[in-house]
Amino acid sequence: MKRVLEPELMDERQQAEAYAASDFTEPHDAFVRRFSETFPGFPGGHVADLCCGPADPTIRFARKYPNSYIVGYDGAESMLALGRKAVESAGLAQRISFKCQMLPIPDAPSGFRAYSREAAMSLNVVTTFSYCMETIIQAGKKRIAVTTVP
(Lines give C-alpha, C1' and ligand atoms only; values in the text may rest on other atoms or scores of the structure.)
Protein backbone atom coordinates (compact mmCIF):
# COMPACT_ATOMS: atom_id res chain seq x y z
CA MET A 1 0.00 0.00 0.00
CA LYS A 2 1.37 3.41 -0.92
CA ARG A 3 1.42 5.89 1.95
CA VAL A 4 -0.62 9.03 1.47
CA LEU A 5 0.89 11.93 3.37
CA GLU A 6 -1.20 14.39 5.27
CA PRO A 7 -0.98 17.92 3.94
CA GLU A 8 2.15 19.43 5.46
CA LEU A 9 0.62 22.86 5.79
CA MET A 10 -2.66 24.10 7.15
CA ASP A 11 -3.06 26.73 4.46
CA GLU A 12 -6.76 27.24 4.90
CA ARG A 13 -7.93 29.69 7.54
CA GLN A 14 -10.48 27.23 8.95
CA GLN A 15 -7.82 24.51 9.43
CA ALA A 16 -5.48 26.92 11.19
CA GLU A 17 -8.26 28.26 13.43
CA ALA A 18 -9.33 24.74 14.42
CA TYR A 19 -5.74 23.84 15.26
CA ALA A 20 -5.21 27.06 17.24
CA ALA A 21 -8.42 26.41 19.21
CA SER A 22 -7.20 22.96 20.28
CA ASP A 23 -5.94 22.53 23.83
CA PHE A 24 -2.22 21.76 23.72
CA THR A 25 -1.59 22.98 27.27
CA GLU A 26 -0.13 19.68 28.48
CA PRO A 27 2.44 19.04 25.72
CA HIS A 28 3.40 22.71 25.34
CA ASP A 29 3.91 23.17 29.09
CA ALA A 30 5.82 19.87 29.15
CA PHE A 31 8.13 21.12 26.39
CA VAL A 32 9.01 24.29 28.29
CA ARG A 33 9.41 22.39 31.56
CA ARG A 34 11.65 19.73 30.02
CA PHE A 35 13.72 22.35 28.21
CA SER A 36 14.22 24.09 31.54
CA GLU A 37 15.22 20.81 33.22
CA THR A 38 17.61 19.90 30.40
CA PHE A 39 19.19 23.35 30.14
CA PRO A 40 18.91 24.73 33.70
CA GLY A 41 21.35 27.59 33.14
CA PHE A 42 19.83 28.84 29.89
CA PRO A 43 20.06 32.64 30.17
CA GLY A 44 17.95 33.43 27.11
CA GLY A 45 19.13 34.72 23.78
CA HIS A 46 18.14 34.35 20.15
CA VAL A 47 15.88 31.35 19.56
CA ALA A 48 14.37 29.87 16.39
CA ASP A 49 11.02 28.10 16.70
CA LEU A 50 10.59 25.90 13.64
CA CYS A 51 7.05 24.97 12.64
CA CYS A 52 5.73 27.41 15.24
CA GLY A 53 2.12 27.25 14.07
CA PRO A 54 -0.10 29.73 15.93
CA ALA A 55 2.71 30.37 18.47
CA ASP A 56 1.29 28.84 21.65
CA PRO A 57 4.55 27.13 22.71
CA THR A 58 6.48 30.15 21.44
CA ILE A 59 4.60 32.42 23.84
CA ARG A 60 5.01 29.98 26.74
CA PHE A 61 8.75 29.82 26.07
CA ALA A 62 9.02 33.63 25.87
CA ARG A 63 7.24 34.00 29.22
CA LYS A 64 9.58 31.50 30.86
CA TYR A 65 12.68 33.10 29.34
CA PRO A 66 12.20 36.90 29.37
CA ASN A 67 15.69 37.48 27.94
CA SER A 68 14.86 35.56 24.77
CA TYR A 69 14.16 36.95 21.34
CA ILE A 70 12.33 34.42 19.19
CA VAL A 71 11.75 34.09 15.48
CA GLY A 72 8.91 31.69 14.70
CA TYR A 73 9.08 29.96 11.33
CA ASP A 74 6.15 28.28 9.64
CA GLY A 75 5.27 27.53 6.03
CA ALA A 76 1.60 28.46 6.43
CA GLU A 77 0.75 32.15 6.47
CA SER A 78 -2.65 31.24 7.93
CA MET A 79 -0.87 29.88 11.04
CA LEU A 80 1.45 32.86 11.28
CA ALA A 81 -1.47 35.31 11.11
CA LEU A 82 -2.94 33.62 14.20
CA GLY A 83 0.49 33.61 15.84
CA ARG A 84 0.94 37.35 15.27
CA LYS A 85 -2.46 38.01 16.81
CA ALA A 86 -1.69 35.83 19.86
CA VAL A 87 1.72 37.46 20.34
CA GLU A 88 0.17 40.94 20.18
CA SER A 89 -2.46 39.91 22.73
CA ALA A 90 0.27 38.53 25.00
CA GLY A 91 2.24 41.77 24.78
CA LEU A 92 5.30 40.01 23.37
CA ALA A 93 5.56 41.59 19.91
CA GLN A 94 8.87 43.24 20.84
CA ARG A 95 10.43 39.81 21.46
CA ILE A 96 8.68 37.47 19.02
CA SER A 97 8.64 37.87 15.26
CA PHE A 98 7.65 35.54 12.44
CA LYS A 99 8.90 34.44 9.06
CA CYS A 100 6.96 32.41 6.51
CA GLN A 101 9.43 29.80 5.35
CA MET A 102 9.53 26.06 4.68
CA LEU A 103 12.05 23.55 5.97
CA PRO A 104 13.87 21.83 3.10
CA ILE A 105 12.93 18.42 4.56
CA PRO A 106 9.71 16.89 3.21
CA ASP A 107 7.37 15.34 5.79
CA ALA A 108 9.62 16.44 8.69
CA PRO A 109 6.97 16.30 11.45
CA SER A 110 5.94 12.69 10.97
CA GLY A 111 7.12 9.54 12.63
CA PHE A 112 10.19 7.51 11.88
CA ARG A 113 13.74 8.75 11.65
CA ALA A 114 16.96 6.74 11.50
CA TYR A 115 20.17 7.91 13.15
CA SER A 116 23.73 6.72 13.16
CA ARG A 117 25.06 5.76 16.59
CA GLU A 118 27.32 8.83 16.63
CA ALA A 119 24.43 11.16 15.76
CA ALA A 120 22.11 9.58 18.34
CA MET A 121 24.74 9.98 21.06
CA SER A 122 25.06 13.71 20.36
CA LEU A 123 21.36 14.65 20.17
CA ASN A 124 19.19 15.49 23.19
CA VAL A 125 15.44 14.95 23.04
CA VAL A 126 13.57 17.03 25.60
CA THR A 127 9.99 16.29 24.54
CA THR A 128 7.98 13.50 22.97
CA PHE A 129 5.69 16.05 21.32
CA SER A 130 8.09 17.24 18.64
CA TYR A 131 11.15 15.00 18.85
CA CYS A 132 11.57 14.90 15.05
CA MET A 133 11.85 18.66 14.82
CA GLU A 134 14.16 18.81 17.83
CA THR A 135 16.59 16.33 16.37
CA ILE A 136 16.56 17.99 12.94
CA ILE A 137 17.30 21.39 14.52
CA GLN A 138 20.08 19.99 16.70
CA ALA A 139 21.59 18.05 13.82
CA GLY A 140 21.78 21.22 11.77
CA LYS A 141 23.43 23.18 14.58
CA LYS A 142 25.97 20.40 15.12
CA ARG A 143 26.58 20.06 11.37
CA ILE A 144 25.33 16.46 11.33
CA ALA A 145 24.18 15.46 7.85
CA VAL A 146 20.42 15.04 7.39
CA THR A 147 18.97 13.39 4.33
CA THR A 148 15.57 12.34 3.07
CA VAL A 149 14.99 8.90 1.61
CA PRO A 150 11.76 8.83 -0.40
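Which residues are linked with Asp29 in a network of salt bridges? Asp56 and Arg60 are the partners that complete the network.

1. Basis. This is a predicted model: local features need pLDDT of at least 70, side-chain atom pairs count only at pLDDT 80 or more, and totals for chains, interfaces and linings use all residues. Residues are numbered from 1 along each chain as its sequence is written, and side-chain values use heavy atoms, with hydrogens and water left out.

2. Overall layout. The protein chain has six helices and three strands. Here helices (H or I, at least four residues) and strands (E, at least two) are DSSP runs, numbered from the N terminus. From that end, the order is α-α-β-α-β-α-β-α-α. The chain has 150 residues, and 31% of them are buried. Buried means under 20% relative accessible area, exposed over 50%, and partly exposed in between (1.4 Å probe, protein chains only).

3. Contact range. Take contacts in the protein chain between residues at least 6 apart in sequence: 63% of them join residues at least 24 apart. A contact is a pair with heavy atoms within 4.5 Å.

4. Salt bridges. The structure holds four. The criterion is a side-chain nitrogen of Lys or Arg within 4 Å of a carboxyl oxygen of Asp or Glu. One of them joins arginine 60 to aspartate 29, at 2.6 Å from N to O. This pair links distant parts of the chain: arginine 60 sits in helix H3 (residues 56-64), aspartate 29 in helix H2 (residues 25-38), and they are 31 residues apart. Aspartate 29 has a relative accessible area of 33%, so it is partly exposed.

5. Arginine 13 and glutamate 17 pair through their side chains at 3.1 Å, N to O. Both belong to helix H1 (residues 13-21) and are four residues apart, about one turn of the helix. An α-helix has 3.6 residues a turn, so residues three or four places apart point the same way. Glutamate 17 counts as partly exposed because its relative accessibility is 35%.

6. Glutamate 77 and arginine 84. Their closest N and O atoms are 2.5 Å apart in a salt bridge. Glutamate 77 is partly exposed at 38% relative accessibility. Arginine 84 is also partly exposed, with a relative accessible area of 34%.

7. H2 against H3. Two packed helices are described by the angle between their axes and the distance between the axes. The axes of H2 and H3 come within 10 Å and cross at roughly 40°. Axes are lines fitted to C-alpha atoms, for helices over the stretch in contact, and angles run from 0 to 180 degrees between N-to-C directions. H2 and H3 are therefore oblique to each other. Angles under 35 degrees count as roughly parallel, over 145 as roughly antiparallel, 65 to 115 as roughly perpendicular and the rest as oblique.

8. The residues between them. On the H2 side the contact is made by Thr25, His28, Asp29, Phe31, Val32, Phe35 and Ser36; on the H3 side by Asp56, Pro57, Arg60, Phe61 and Lys64.

9. Buried side of H3. The buried residues of H3 are Pro57, Thr58, Ile59, Phe61 and Ala62. They pack against H2, strand E1 (46-50), strand E2 (69-74), helix H4 (77-90) and strand E3 (96-100).

10. Serine 68. This residue lies in the loop between H3 and E2. Serine 68 is buried, because its relative accessible area is 0%. Not counting residues up to four places away in sequence, serine 68 touches Phe42, Gly44, Gly45, Val47, Phe61 and Arg95.
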